[in-house]
Amino acid sequence: MQLRKQFCASVLPSMLAQLLNSCFIIVDGFFIGQNMGDVGLAAINVAWPITALFQALSLCIGVGAAVRIATARGQNQMQEVAQVRGNAISLLTLTALVCSVVLYHASPVLLPFMGANEEIYPMALEYIQVVCALAVGQMVSTGLLAVLRSMGSAVAAMAITVAGLFSNILLDWWMIDVKQWGLAGAALATAVSQIGCAVVCLLLVVTHPSVKFSLSSLKMDKTTVERMLHFGIAPMGLSLSTSLIMLVTNLQAVRYGGTQGVAVYAVLSYVLGAVIPLITGVGDGTQPLLSFAKGAGQPQTVRTLCRWGLYLAVGTALLGGVVSWQGRYLLPALFGASEWAIAQGADCMWTLVLAYPFMAAAHFFSSYFTAVSQPIASGILSYGEPLVAQPFWLLVAPLFWHLEGVWIAYPAAVITMALVAAVLYYKSEKQGVE
């Protein structure tokens, strides 16, 4: 009973926090679609992989640190907890500053290769350069939210995300609807909200009562950083997979459907973007408990948590499928898509409904393998989808079904990865989790 309470107390706030965190981009899409139509939706979708790269790098550091912190807490090694926490703060800040400068100057060159045609390019550039200039807020807040959850403050992490979302909605309304600042206003609204979240996260992490903070812990230690990154590579791949898939899909959507094809994919991305974070939240919420149990030498608890997490992830995905199907005509219209894009989005919504449960299984097992210190298995699942399965199906399916084949590629890819996940878990169980 105690374990079940811990599971619910960790996982449910994590799911809600991840869902609300994803709403930053969904809220942008809503206001942009209502004010700028298909071209605005296409522009933000084309630029999104760069934003997702910031997200992936911050998760690499944040989740890697979270795994080390939770494992060290399970072993009662509080000195290591303090060291990892300080190194995570320093590495997140340094990485954010470097990536911000590099990608700000690289984005004008990258966007044409990401599917930005002459119609989309100016708006996409306007959006992404604001994102890059203020990316430190996104990276620090995302990374430290994972650290905060691993230190047993999942509710606080959720509260910060809720506050950030509401401020983003208010700022989006003012900057896009009232001031008519367009895509630059959308990016600025999100960035300001995330900077506020980052400041609050930093204060809560450094003043956490479980372990005293010292300035000396900010000095990066090579071994500590390597251990964090060792466990963060797979979560980064899981996050990056979305942007890589989006990049390749955008290119195929432009090829087979032009700007309107990208607008349809933008709508599907927003719908998918409301389900994937819930699945990610299950993995993120279960991860500290799994790592703690692994560090404490409790293999049966690890198996129980894995079973509960998998059931919850797949069940959530099935529920998401029902909602997506019932709202297949309403959801595209909410984002201000054209009548053609609404019809196309509704017609191909079945591909997402089919994909959800398989995606949930593959993504959860990637988080599971990271939590129980099996980064190779987690890496196969994290990188196998964006680097192998998805490109393969995106190249093959459109040859037979054209634009509809672009949408069919996603369920085909996640079904492939779910089968791979099942094989990896079976092999892991044969070897034992101890």
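Of the 434 residues of the protein chain, 59% count as buried, where buried means under 20% relative accessible area, exposed over 50% and partly exposed in between (1.4 Å probe, protein chains only). The structure is a predicted model, in which local features need pLDDT of at least 70 and side-chain atom pairs count only at pLDDT 80 or more, while totals for chains, interfaces and linings use all residues. Residues are numbered from 1 along each chain as its sequence is written, and side-chain values use heavy atoms, with hydrogens and water left out.

The protein chain contains 12 helices and 0 strands; helices (H or I, at least four residues) and strands (E, at least two) are DSSP runs, numbered from the N terminus. The order along the sequence is accordingly written α-α-α-α-α-α-α-α-α-α-α-α. The C-alpha atoms occupy a box of roughly 60 × 45 × 35 Å along the principal axes. For 434 residues, a compact globule would have a radius of gyration near 22 Å, and the value of 21 Å for the protein chain agrees with this. The radius is taken over C-alpha atoms, and the globule rule is 2.2 Å times the number of residues to the power 0.38.

Helix α3 (residues 121-133) has 13 residues and spans 18 Å from its first C-alpha to its last, close to the 18 Å expected at 1.5 Å a residue. The expected span of a helix is 1.5 Å times one less than its number of residues. In α3 the buried residues are Ala124, Leu125, Tyr127, Ile128, Val131 and Cys132. Helix α5 (residues 154-178) has 25 residues and reaches 35 Å between its first and last C-alpha, close to the expected 36 Å. Buried positions in α5 include Ala154, Ala157, Met158, Thr161, Leu165 and Asn168. An α-helix has 3.6 residues a turn, so residues three or four places apart point the same way. Just after α5, glutamine 180 adopts a positive phi of about 55 degrees.

Positive phi values also occur in two loops. Asparagine 76 lies in the loop between α1 (2-74) and α2 (78-110), and its phi is near 60 degrees, a positive value in a residue other than glycine. This asparagine 76 counts as exposed, at 62% relative accessibility. Serine 373 is placed in the loop between α11 (349-371) and α12 (375-431) and has a phi near 65 degrees. At 32% relative accessibility, serine 373 counts as partly exposed. By contrast, serine 291 belongs to helix α7 (residues 222-295) and is buried, at 0% relative accessibility. Serine 291 and glycine 74 are 217 residues apart in sequence, but their C-alpha atoms are 7.6 Å apart in space.

In soluble globular proteins, nonpolar side chains tend to be buried together. A nonpolar core is here a set of buried Ala, Val, Leu, Ile, Met, Phe, Trp, Tyr and Cys residues joined through side-chain atoms within 4.5 Å. The largest such core has 97 residues, of which Phe54, Leu111, Tyr368 and Trp407 touch the most other members. A second, separate core of 26 residues includes Ile61, Leu144, Val147 and Ala157.

Aromatic rings were considered next. Rings of Phe, Tyr and Trp (its six-membered ring) pair if their centres lie within 6.5 Å; planes under 30 degrees apart count as stacked, over 60 as edge-to-face and the rest as tilted. The count comes to 11 aromatic pairs. Tryptophan 174 and tryptophan 181 form an edge-to-face pair, 5.7 Å centre to centre with 70 degrees between the planes. Tryptophan 174 is partly exposed at 35%, and tryptophan 181 is partly exposed at 37%. The pair of phenylalanine 400 and tryptophan 401 is tilted, because the ring planes lie at 50 degrees, with the centres 5.8 Å apart. Phenylalanine 400 counts as exposed at 58%, whereas tryptophan 401 is partly exposed at 47%. Ring pairs also link Phe364, Phe365, Tyr368, Phe369 and Tyr425 into a cluster.

The charged end of arginine 328 sits over the ring of tryptophan 325, 3.9 Å from its centre; this description requires NZ of Lys or CZ of Arg within 6 Å of the ring centre and within 35 degrees of the ring normal.

The structure holds 0 disulfides, a disulfide being a pair of cysteine sulfur atoms within 2.5 Å. The sulfur of cysteine 8 is too far for a bond, because the closest cysteine sulfur, in cysteine 306, is 16 Å away. Cysteine 8 is partly exposed at 35% relative accessible area, whereas cysteine 348 is buried at 3%.
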